[in-house]
Amino acid sequence: METKQIQETINMVEEEHLDIRTITMGISLLDTVAGDPQQTAKNIYKKVTTYAKDLIKVAEQIEREYGIPITNKRISVTPIALIAGHATPDDMLYYAHALDDAAKAVGVDFIGGYSALVQKGFANGDLALIKSLPRALTETDLVMSSVNIGSTKAGINLDAIKLMGETVKGISEKSDTANAKLVIFANAVEDNPFMAGAFHGVSEADVVINVGVSGPGVVKRALEKVKGESIQAVAETVKKTAFKITRVGQMVGALAAERLGVEFGIVDLSLAPTPARGDSVAEVLEEIGLEQVGTHGTTAALMLLNDAVKKGGVMASQRVGGLSGAFIPVSEDAGMIDAAKEGTLTLSKLEAMTAVCSVGLDMIAIPGDTSATTISAMIADEAAIGVQNNKTTAVRILPTLGTKVGDMVDYGGLLGTAPVMPVVEKSSADFINRGGHIPAPIHSFKN
């Protein structure tokens, strides 16, 4: 690496909030299944703690040697519903606590994969896991969960959407924050290193290292240098910046995998914000030329940003994967919070934006008395965007009891603060209660 490039990297770390957002070790649990849930839980704990025992040590070594902060160290595992067999909802809690205990034993921040894939229908393990979620997510500290309810190939499981609306509602009655640990997906990917949606796909190797890199502050600083120039200059600047960020991520991921003696998976270049000023995707969009995120033109600016990020990442590495784009979690982005408080950013605008970014309605506080069917309908709309456009979409909604529109809810730490946003009060119950399966779109038939 040339001296100029080294100095650029140092500046990105020290002044522009560049970090490795996460090193995530993916671990297959397909070989842990035993004759009963308690023994399977013991096997899960043993395999996770065996492979991840040095994850923190190696990550900290790399931080010291290269001066690049690694914000989170995480684990993802095979979707637990796949190994549940005939387990009951109570049995599933053995698995949840085994994951939580293992994560604490090795010192990681989170463990993802308490998950189910129900886009075409339910197996016993899927239903057991979903029914266990209110207890599993409130009785554990580090366990993250996801449920995939639709895909372009399979269509949308409306029965699952109805059940997930009821589940989100049930979780909110036990905890104001536990729903931050649950993502409801359409077109979930198998190698996503970001929480809460990470799980280790069945097509992955036994153990891999995936890296998530994030640099909205770096992108914003780069765009400040092309103020007033053409939109082509904006796209090119973002692309070149994403290239540099991805190269850093690939270096760190390859080093970590080599030192841990496992395979290197992918680099996910996702502009994931934090509540800190200067580390905001909203501020990047405003630097492109918006007075405030949410105003007219926001969706177009976000499309340009997301596309340029992906192009720069693909140029930099053959191992780009995961979601790789721009995240818009409201409570975790200082600029999004400002825009939501002022009413510039609405749920309808956020839904439009999710058609062109990496995820969906993410970390959004809504009134605690919102009905389960309304929550289900929000999930259905996001799933429709993902399924029709052959992209990943997701919902992480936070109904908060005792709140009204405009109240501020503090979730703590990286989860940030969110204003309670208004929800359309007209009912969607008759639609949701129809149940059944929304067919896959015609363009899904490609064989």
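This is a predicted model: local features need pLDDT of at least 70, side-chain atom pairs count only at pLDDT 80 or more; totals for chains, interfaces and linings use all residues.
Residues are numbered from 1 along each chain as its sequence is written. Local features need pLDDT of at least 70, side-chain atom pairs count only at pLDDT 80 or more, and totals for chains, interfaces and linings use all residues, while side-chain values use heavy atoms, with hydrogens and water left out.

Side chains of opposite charge can pair when their charged atoms come close. The structure contains 20 salt bridges. A salt bridge here is a side-chain nitrogen of Lys or Arg within 4 Å of a carboxyl oxygen of Asp or Glu.

One of these bridges joins aspartate 100 to lysine 104. Their closest N and O atoms are 3.1 Å apart. Both residues belong to helix H4 (residues 89-106). Because they are four residues apart there, about one helical turn separates them. Helices (H or I, at least four residues) and strands (E, at least two) are DSSP runs, numbered from the N terminus. Aspartate 100 is buried, at a relative accessible area of 3%. Lysine 104 is partly exposed, at 42%. Buried means under 20% relative accessible area, exposed over 50%, and partly exposed in between (1.4 Å probe, protein chains only).

Helix H6 (residues 158-172) holds both lysine 162 and glutamate 166. These residues are four places apart, about one turn of the helix. They form a salt bridge, with the closest N and O atoms 2.7 Å apart. Lysine 162 is partly exposed, with a relative accessible area of 26%. Glutamate 166 is also partly exposed. Its relative accessible area is 36%.

Aspartate 362 and arginine 396 form a salt bridge between strands, at 2.8 Å from N to O. Aspartate 362 lies in strand E9 (residues 361-367) and arginine 396 in strand E10 (residues 393-400), so the pair ties together parts 34 residues apart in sequence. Aspartate 362 is buried, with 10% relative accessible area. Arginine 396 is buried as well, at 6%.

Salt bridges also form a network. Lys220, Arg221, Glu224, Lys227 and Glu287 are linked in this way.

Tyrosine 45 is part of helix H2 (residues 37-51). This tyrosine is partly exposed, with a relative accessible area of 35%. Tyrosine 45 touches Ala98, Asp101, Ala102 and Ala105, leaving aside residues up to four places away in sequence. Contact means heavy atoms within 4.5 Å. Asparagine 447 is 402 residues from tyrosine 45 along the chain. The C-alpha atoms of these two residues are separated by 41 Å.
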